[in-house]
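Colleague: Could we go through this model together? I should like to discuss its confidence, a sheet and the disulfides.
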Amino acid sequence: MSRLLPLALLAAGCSADPNNQESEGGTGGTTSSEPSSTSPGGTGIADDSTGAPEAPAVPARSIRVSEVDVNAGVATAIGRDGEWVSGSERNASIARNRETAFRVAVDVDEATWIPRDIEARLNLYLPDGTMETFSEILRVERDSPAVTPTLESTFLITVPPEVMVNLLQFEVELLEASDSGWEDLPEPGASDNRLPPDGPGFVGVESSEMNMRIMLVPIEYDGPGCSATFDTSPEVLAEYEDAMFQQNPLERIEMEVHAPYPVNDLNLADANDFFQLLMRIQQLRAQEQPDPNVYYYGIFDNCAQCVGFQGFGGCVLGVAAGLPDDSMGSAGERAAIGASELNVPEMGGLLEIGVSTFVHEIGHTQGRQHVECPGVQAGGPDPTYPHAEGKIGVWGYGVVDSEIRVPAEHTDYMSYCNPTWVSDWQWNATFNRIRTLSSWDATSMRELDDHAVLVGAVNPQTGEAQWWTDRGTVSTPTEGHTMRLLAGDEVLEQTPVHVSEWSEGPWVTVRAPLTATFDTATEIELVAPTRSVRAPRAAVKEYYRVDTLKAE
């Protein structure tokens, strides 16, 4: 779930031979949000197909390459301290076909250094045998900063998406950019101003297709004191699509806009009705039966009213129907909702919170837990998150807005702190999820057609529940929970269930195999450690069936 913070807080190893076509040995898996005011300095790009800038081919003196990072969202070092960094040592995977920033950091010999213009030349070797050269000339005053609050004395060279392909190799060299002023300096050693020192090394671009499919459902809302429909103009949609694209390791995103979904019997300033809306989006997904790798997101404009929730301490902005795993069978849990705006008089009035909420809630439907940050409680934070105070860990780069995100200032987008960006840890985790869902083709996804589940949205505290059928499976039963199919007091069958907690609030999503016994039952009963919930079979809405119901 996404929320606004309490108001008080808001105010406050492979061969380096270019002809070697073996695997690059990437990380093997992987790993919100206002842009920082710190943005890249002038980024010069030159392509040798159009003619690289004229510059003396003189190796730069009294300076060395200290590090080369690549960044298409989060930074990962591919060269450091004069050596190529192998895939096993890298902190983040590199998705293909994304604009990517290469950051070249330098160390100068303070005893002899003369501030002057230096050229960083990036040579990229493509697997077809061609080479692309990109270059930037920059006045270097001193060592590049150890941390990245600025790009002072640091080269940032952006490379277009079509160059970022699997088996790409690189080398960086530093050259004198002027005809004079350096002649009396000591000549560099053989490897001082070149990295890797012994010839090109693999960048580590992954080969996997990386695609994300989202169905955006605009809510046509008519409720107490408010009548509004979320704005789906191209300019607004671009903000949502760009935010998702920038913070996920994607080569493309397919975002479709659903016909407006009318809601005129709920009060979307009330948390109970807010949760009811999520159930409706879950059931809309069940009715329409999209491919299992499609995410459904209901977005509403409730005239910026705060959705209050008892004991929450703030305003509820969004909620997801669980933390689904990477199986096709859990497709029904890839559903979430969120608000688009919030009125906070203490902060000057209307706040646009829709974009960050969208990224956060879809993150839950990718299986991601909350990330804990100082001063605010998050439900079920992930104890394995590696960076203190929820910080992003490495510098971030927006491939659409070209903005730098500073590790000391930004927290992970699954936290409740601001500003947010994606951490390298989160990037790797979503890389694995996106790669899996992108690998499903039309044939493999049809295999799910023969499997049906009984689904419930259940409040274990009150016993409230809604039940329906959907396509899906139960691969990981939840201990202590079963579904009983009853005829009167007779138990006809007892099956395992999977229970997934919503991202906040008391509700859970329950899935049980839909078997042939369902047709003869008169009641269903969820048996759980704290409360059992019973309902008439006739209350189950049937959105999906298979020709012959069978045991899973």
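Modeller: The answers below take those topics in turn. This is a predicted model, in which local features need pLDDT of at least 70 and side-chain atom pairs count only at pLDDT 80 or more, while totals for chains, interfaces and linings use all residues. Residues are numbered from 1 along each chain as its sequence is written, and side-chain values use heavy atoms, with hydrogens and water left out.

Colleague: What is the mean pLDDT of the protein?
Modeller: The mean is 88, on the predictor's per-residue confidence scale from 0 to 100.

Colleague: Where does pLDDT stay under 50?
Modeller: That holds over residues 1-50. Where pLDDT is low, the predicted coordinates should not be read in detail.

Colleague: Turning to the disulfides, how many are found?
Modeller: The search of the whole structure gives three, a disulfide being a pair of cysteine sulfur atoms within 2.5 Å. Their pattern is 1-2, 3-4, 5-6, with bonded cysteines counted along the chain.

Colleague: Which cysteine does C226 join?
Modeller: C226 is joined to C303, with S to S 2.1 Å.

Colleague: Is C226 buried or exposed?
Modeller: C226 is buried, at 4% relative accessible area, whereas C303 is partly exposed at 38%. Buried means under 20% relative accessible area, exposed over 50%, and partly exposed in between (1.4 Å probe, protein chains only).

Colleague: And what about C373 and C417?
Modeller: These two form a disulfide with sulfur atoms 2.1 Å apart. The torsion about its S-S bond is about 95 degrees, so the disulfide is right-handed. C373 is buried at 5%, and C417 also counts as buried, at 11%.

Colleague: Finally, in what order do the five strands of the open sheet lie?
Modeller: The order is β29-β30-β25-β26-β33, with mixed pairing. Strands are DSSP runs (E, at least two residues), numbered from the N terminus, and two strands pair if DSSP finds at least two bridges between them.

Key: Contact = heavy atoms within 4.5 Å. Helix = DSSP H or I, 4+ residues; strand = E, 2+ residues; numbered from the N terminus.
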